[in-house]
Every structure is written in structure tokens, then in C-alpha cells.
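Here is a briefing on a single protein chain. Please look over the sequence and the fold, then read the points by topic.

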Amino acid sequence: MGFLPCSLLCQAKKKPLDSSDQTQSRHLSSNSSSSFISLSSRSLSLSSRSFSSQPSLPSIPSLSISSSQVEHLSNTFHHCLATLTGHSSYIFCLSIAEKHLYYGSSNGEILVCDINFSKQDNCLKENTVCQSGSAIKSIVIMGDKLFSSHQDHKIRVWKIDNETPNRNYKCIATLPTINDRCMKLFWTRNYVQVRRHKKCTWVHHVDTVSALALSKDGSLLYSASWDRTFKIWRSSDFKCLESVWNAHDDAINSIVVSNNGDVYTGSADKKIKIWTKQEEGGSNKHTLMTALEKHKSAVNALALSRDGCVLYSGACDRSIIVWEKLQVLGALRGHKKSILCLAVVSNDLLCSGSADKTVRIWKRGFGKFCYSCLAVFEGHRGPVKCLNATLDTQKYDDNDSCSGNSYIIYSGSLDCDVKVWKLWVPS
């Protein structure tokens with residue numbers, strides 16, 4: 001694995017990516033050995049659909065730039081700071097905790113990198129800290145625990161130890177835990193039908209666990225799966241508290257949780273569903289509040305603004321729909337292929353990654369209907385599968401001394417590289 005410093009905007013390398021068939025087969029493939037019979041064949045078709053370019057949404061107006069922002073946008077500056085290369089497998093997910101960047105790959109490894117580096121550094125320290133043998137789809141971090149979701153239907157919990165160099169993290173639990181499985185084993189009411197002539201307890205996921213999210217206080221872990229369910233786990237003892245069965249008609253690709261505890265799920269069934277917890281009557285279970293159905297293709301990514309007022313959804317129709325108070329404000333257009341990932345940088349800044357191999361940065365203007373594309377990051381040789389971003393506190397160049405905000409954006413791709421980008425936006 002290596003580190004390539006980039007002084008200017010990264011240019012695409014001439015080395016071609018592997019065939020598109022190999023790329024597509026990684027995204028939404030389903031393990032038929034333990035999932036619904038119908039789900040296995042559907043997942044194969046979803047694999048190709050998630051990367052294919054489908055018609056945009058003509059019925060939804062584009063959110064356009066206001067005239068007062070034109071001069072402001074011309075002063076925006078961005079470039080690639082570094083590229084982490086040499087990985088042998090696809091980068092599926094990214095997460096940031098304190099001064100470390102974590103990324104999970106298709107070969108079941110989690111790597112960690114110290115992100116407090118300067119422009120004069122010759123290398124970034126990168127170590128493999130977790131090895132599981134199953135592709136990692138999502139990573140979230142709470143304190144000294146790292147939660148990872150996998151293609152083998154499991155969630156693993158790792159004890160973070162960055163004080164001891166070159167030592168792998170210890171796997172302290174696999175969800176559902178043995179205790180959870182045993183407690184549900186002997187009661188028929190705890191079993192659900194997963195496919196013809198086969199049942200399992202409701203605490204199990206029976207297909208790829210595609211996404212994870214944490215509650216605001218970190219006490220609850222939410223998991224979404226291609227088995228069309230999402231589950232809620234207690235992060236202190238890893239007990240499964242609830243399972244919402246058949247939450248969607250197809251694979252769930254994304255899950256986000258608002259500050260007030262509402263759960264948003266995006267699915268290959270083209271729907272976004274919002275779930276709220278009903279505490280009346282002592283049930284304390286999540287129930288469906290509403291379904292948003294404006295997308296005409298599989299929903300791949302969701303993101304909430306920091307204040308929870310705005311929801312962004314990205315799909316195979318190449319559009320990012322902007323929702324406020326469950327109403328459509330409009331669509332952000334510019335990507336040429338499916339939207340695969342979204343990341344909110346601040347209340348007015350959004351990043352999007354696409355199968356067209358680019359990252360776009362969108363900024364909300366002075367009116368709620370005014371959005372603009374600040375920048376397009378080019379340089380990846382494959383679809384951009386994951387994004388993360390932080391406010392930059394370091395000084396790299398003269399632009400940092402001007403009035404404005406600087407951000408560091410991380411992108412992981414199916415070209416097996418992780419890129420580090422700097423974006424400066426004037427005040």
C-alpha cells in the first residue's frame with residue numbers, strides 16, 4: 001500500500017479498471033443459501049441496476065443557482081492532497097473517529113490511517129487492524145468500539161487499540177450474540193419465515209447487512225439488510241431489542257437516524273420510509289410514519305442535514321432529491337450515472353459520489369430552492385462508493401489565511417484507492 005501526494009487536481013490514471021461486470025457484481029449481490037428464494041434472483045438484477053444510468057426525474061424541477069452566488073462560486077478552491085493506493089480490493093465504506101480514518105474493503109479487512117498529516121509528509125501510516133473474511137459494507141464507531149457490517153449477514157464489534165502498533169483489534173462480539181440466540185431458541189413465537197421450509201429467530205439477519213447507524217447518544221445501533229428488515233441493538237451489551245420485518249418490498253440499502261430518533265430507510269423498491277417509535281400502550285416499537293415515493297429507481301443513499309431539517313436521497317436515476325418537512329424541494333442534477341453515496345459536511349454543504357467516477361460538492365444558497373455545484377472532483381478510475389468529510393483545522397496553503405472555511409473530504413472507490421481532497425469555500 002502506498003501514498004501518492006497530489007499538488008493539483010487529480011487526473012485519472014491510464015490504467016483501466018477491471019471489467020464493469022466485476023464492478024457491478026459487488027454492489028447488491030445476495031447470498032441465496034440463506035435468503036428468500038425470490039430475493040436471491042432479485043439481488044442479481046439489482047447488482048447491475050445500481051450502477052446503470054437510468055432516466056432522471058422530469059417531474060421534479062432542478063434546484064438552480066441564484067445570481068448572487070455566481071461570483072462567490074468562482075472563488076471556491078479544491079485539490080487532491082493525497083491518494084492511498086496499493087489496495088487489492090474495493091473500498092466499500094469510510095468512517096472517521098478523532099484523528100483516524102477507517103475504511104473497510106471487499107476482502108474483509110479494515111484499515112486505519114492517521115489523518116493528522118501535513119503537506120510536507122512523505123507518507124501516511126496505514127495499518128490493517130481487522131480481518132474477518134467477509135466483505136465489509138459499513139462501519140460506525142462509538143468510543144473505543146468499532147461496529148462493522150458484513151456480507152455474511154453478521155455484525156462484528158471490535159475493541160479499538162491504536163496505542164499498540166501493528167496489532168489487530170480484538171473482535172469482542174458477533175451479532176446476534178450467543179446469549180441472544182440461545183434466549184430466542186426455544187420459543188416458537190421467536191421464529192420467522194425466511195424462505196420456503198426454513199425459519200430462523202428474528203434476531204438474525206438472513207442476507208447482507210448493508211448499512212449501520214448510531215443514535216445521537218450512541219446507546220442504540222441500527223442495522224439495515226438486503227433481507228428487507230432493519231434491527232435495533234443496544235450498544236452496551238449488544239442485545240437485539242427490535243426487528244422490523246418486511247420493512248420494504250426489496251433490499252434496504254441505506255439507513256439514517258435523526259436526532260429525535262426517527263429512522264429513515266432507503267430501498268431498492270424505490271421507496272424511502274420514515275419510522276417513528278410509538279411509546280403509547282407500552283409497546284415501544286417502531287411503526288411506519290410515511291413513505292416517500294418520488295424516485296423511479298433503487299434508492300442507494302440517504303443523508304440528513306446536521307439539524308435534521310433536510311433529507312437528501314440518491315438513486316439510480318442520477319438525481320439527488322432534496323426533501324424538507326417530507327415535501328420535495330427539487331432535485332440536484334449533474335452526475336451522469338447512479339448516485340452511490342452521500343455525505344453531509346455542514347448544514348449547507350453536501351457531497352455526492354457516483355458510478356460516473358466523480359465526487360460533486362453541493363452548496364445550499366440563501367433561499368431554500370437555491371443550490372449550486374461548487375466543485376467536481378475527478379481522478380478516481382472506478383465508481384465512488386463511499387464518502388466522509390471533516391472541517392479542516394490545518395493550514396496547507398495561502399488560501400487558508402483568507403476568510404472562509406476549509407474542509408477535508410475522503411472518497412473510497414471500486415478502483416481500490418482512497419483519495420483525500422481539500423475544499424476551500426469563501427465566507
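Ser346 sits in strand β25; strands (E, at least two residues) and helices (H or I, at least four) are DSSP runs, numbered from the N terminus. The model is predicted: local features need pLDDT of at least 70, side-chain atom pairs count only at pLDDT 80 or more, and totals for chains, interfaces and linings use all residues. Numbering starts from 1 along each chain as its sequence is written, and side-chain values use heavy atoms, with hydrogens and water left out.

**Ser346**

- Ser346 is buried because its relative accessible area is 16%; buried means under 20%, exposed over 50%, and partly exposed in between (1.4 Å probe, protein chains only).
- Beyond its neighbours within four places in sequence, Ser346 is in contact with Arg306 and Tyr407; contact means heavy atoms within 4.5 Å.
- Ser346 and Ala389 are 43 residues apart along the chain, and their C-alpha atoms are separated by 9.3 Å.

**Overall build**

- The protein has four helices and 31 strands.
- Of its 427 residues, 58% count as buried.
- Among contacts with a separation of 6 or more, 54% join residues 24 or more positions apart.

**Largest pocket**

- The largest pocket holds about 1,400 Å³ of space.
- The search uses a 1 Å grid over the protein atoms alone: a cavity is a set of points where a 1.4 Å probe fits but cannot get out, and a pocket is an open set with protein on both sides within 12 Å along at least five of seven lines.
- Lining residues have an atom within 4 Å of a point.
- Grid points are joined across faces, edges and corners, and a volume is the space filled by probe spheres set on the points.
- Its lining has 47 residues, and Val140, Leu212, Ile255, Val256 and Leu342 are the closest to the centre.
- Strands that give two or more residues to this lining are β3 (91-97), β7 (136-142), β13 (209-214), β17 (252-257), β21 (299-304), β25 (339-346) and β29 (384-391).
- By class, the lining of the largest pocket has 29 nonpolar, 14 polar and four charged residues.
- Ala, Val, Leu, Ile, Met, Phe, Trp, Tyr, Cys and Pro count as nonpolar, Asp, Glu, Lys and Arg as charged, and the others, Gly among them, as polar.

**Second largest pocket**

- The second largest pocket holds about 330 Å³.
- Its lining has 17 residues, with His100, Val112, Asn127, Asn162 and Pro165 nearest the centre.
- β5 (109-114) and β6 (126-131) each supply at least two lining residues, and β6 gives the most, with four.
- By class, this lining has four nonpolar, six polar and seven charged residues.
- Glu126 is found in β6.
- Glu126 counts as buried because its relative accessibility is 16%.
- The side chains of Glu126 and His87 make a polar contact of 2.8 Å.

**His335**

- His335 lies in the loop between β24 (327-332) and β25.
- His335 counts as buried, since its relative accessibility is 5%.
- Its side chain makes polar contacts with the side chains of Asp356 (3.1 Å) and Thr358 (3.4 Å).
- Not counting residues up to four places away in sequence, His335 touches Arg318, Ser352, Ser354, Asp356, Thr358, Val359 and Arg360.

**Backbone points to check**

- The peptide bond from Leu175 to Pro176 is cis, with omega near 0°.
- Pro176 lies in the loop between β10 (170-175) and α4 (178-184).
- Arg228 is not a glycine, yet its phi is positive, near 75°.
- Arg228 falls in the loop between β14 (220-225) and β15 (230-234) and is buried, at 12% relative accessible area.
- Leu326 also is not a glycine and has a positive phi of about 65°.
- Leu326 lies in the loop between β23 (320-324) and β24 and is partly exposed, at 36%.

- Residues 245-275 are 0% helix and 48% strand, with end C-alpha atoms 13 Å apart.
- Residues 292-324 are 0% helix and 55% strand, with end C-alpha atoms 12 Å apart.

Technical notes: Polar contact = N/O pair within 3.5 Å; in protein donor to acceptor, adjacent residues only side chain to side chain.
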